[in-house]
Amino acid sequence: MAELSEKTRAKRVDDNGAKMVRIFASEQIESTRTLADRVTEALMRKIVGEELPAGSQLPSEQLMAQSFGVSRTVIRESISRLKSEGLVDTKQGRGAFVRTDRTDVPLRIGINAEKPQTSLLHILELRLGLDAEIASLAAVRRTRDQMSTIEKALRAIDEASDAGGDAVAEDMEFHLAIAQATQNPFFFELIRFLGSAFYSGIAVTRANEGRLEALAKQTRVEHEAIMKAIMKRDAKGASAAARNHIEKASKRLLSADAEFWSNKAMQVVRNPKITARK
Ligand SMILES: [Zn+2]
């Protein structure tokens, strides 16, 4: 009997604990991510992504409240935050405008739809120095776990290609795994930051390679050379292999015929997720 009541008491404490966890969990969500936070972020994305370019007028409070499904108070709160961030200006009686003189103009690296080949070559040129340094540092600093992540990433590229996929995401993971192994988080962040540009860049180079089996095999050899040098802790070799990979990728890009650039490549640039290989 005494034991039973002990259990009951313990259960009550547990129940209470669980209840507190529930209460605090909902408290946390409420206090860290308010509706105004989310609306502010959504508007920021539109401004930074130039869906709302400099000088353009934001829709009316009422319209935004409707489209976001929030109250006008929330919209007002968001606008005042964007104002204090220096992103928008409000003009009495005329609403809010995206500032033309904002100082936070983000670094934009993307594919110019008019000249995709040129944009991609420029991106590859950036990667030339970046990837060489990353591979060199990874060779010196990688841990055993990071080495096996790199090996796995390489195998994932093979598996994806064997399954008939374009292996674009897997290729990206391989280069990110190497960046991670530098132990410098900024290299990883930098590659991830440049992600969308690299991603569509790789999509096009691989779409190109996908058409030409021999070139796909070449890429495999290049990736393996990087991986092996990192495994041997050969910094110079890793740097040279990474440089070679990017140089060859640029050449492959240049050798793509005009028909490829006018059709397939543009499809890939417009929608990087499309499966390039038929
Ligand atoms: Zn690659």
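Two strands pair if DSSP finds at least two bridges between them. In this predicted model, strand 1 (residues 88-91) and strand 2 are joined by 4 bridges and run antiparallel. The two strands form a hairpin, with 3 residues between them. Glycine 93 sits in the turn and has a positive phi of about 75°.

Glycine 95 belongs to strand 2, which spans residues 95-98. Its bridge partner is lysine 91. Glycine 95 has 14 other C-beta atoms within 10 Å, so it is partly exposed. Beyond its neighbours within four places in sequence, glycine 95 is in contact with Gln57, Leu58, Ser60 and Thr90. Glutamate 61 is 34 residues away from glycine 95 in sequence. In space, the C-alpha atoms of glycine 95 and glutamate 61 are 8.2 Å apart.

The nonpolar cores come next. The largest nonpolar core has 34 residues. Ala135, Ala138, Ile178, Ile230 and Ala238 touch the most other members. Six elements are listed as giving two or more residues to this core: helix 5 (116-141), helix 6 (144-162), helix 7 (168-180), helix 8 (185-193), helix 10 (213-231) and helix 11 (235-255). Helix 5 gives the most, with 9 residues. Alanine 138 is in contact with Ile178, Ala181, Thr182, Ile230 and Ala238, leaving aside its neighbours within four places in sequence. A second core is separate and holds 14 residues. Met64, Val74, Ile75 and Leu87 are among them.

Helix 6 and helix 7 are in contact. Their axes come within 8 Å and cross at roughly 170°. Angles over 145 degrees count as roughly antiparallel, and helix 6 and helix 7 are therefore roughly antiparallel to each other. From helix 6, the contact involves Gln146, Thr149, Ile150, Ala153, Leu154, Ala156, Ile157 and Ala160. These meet Glu170, Asp171, Glu173, Phe174, Ala177, Ile178 and Gln180 in helix 7. By type, the residues of this contact divide into 9 nonpolar, 3 polar and 3 charged. Ile178 of helix 7 takes part in this contact and is also listed among the core residues that touch the most other members.

Arginine 155 is likewise placed in helix 6. It counts as exposed, because 12 C-beta neighbours lie inside 10 Å and the cut-off for exposed is 12 or fewer. Glutamate 224 is 69 residues from arginine 155 in sequence. The C-alpha atoms of arginine 155 and glutamate 224 are 10.0 Å apart in space.

Most residues other than glycine have a negative phi. Glutamine 183 has a positive phi, near 70°. It lies in the loop between helix 7 and helix 8. Glutamine 183 has 14 C-beta neighbours inside 10 Å and so counts as partly exposed. Arginine 233 also has a positive phi, near 60°. This residue lies in the loop between helix 10 and helix 11. Arginine 233 is partly exposed, with 14 other C-beta atoms within 10 Å.

Methods:
Residues are numbered from 1 along each chain as its sequence is written. This is a predicted model: local features need pLDDT of at least 70, side-chain atom pairs count only at pLDDT 80 or more; totals for chains, interfaces and linings use all residues. A residue is buried if 20 or more other C-beta atoms lie within 10 Å of its own, exposed if 12 or fewer, and partly exposed in between; C-beta atoms are placed from the backbone. Two residues are in contact if their C-beta atoms, placed from the backbone, lie within 7 Å. A nonpolar core is a set of buried Ala, Val, Leu, Ile, Met, Phe, Trp, Tyr and Cys residues joined through C-beta atoms within 7 Å. Axes are lines fitted to C-alpha atoms, for helices over the stretch in contact, and angles run from 0 to 180 degrees between N-to-C directions. Angles under 35 degrees count as roughly parallel, over 145 as roughly antiparallel, 65 to 115 as roughly perpendicular and the rest as oblique. Ala, Val, Leu, Ile, Met, Phe, Trp, Tyr, Cys and Pro count as nonpolar, Asp, Glu, Lys and Arg as charged, and the others, Gly among them, as polar.
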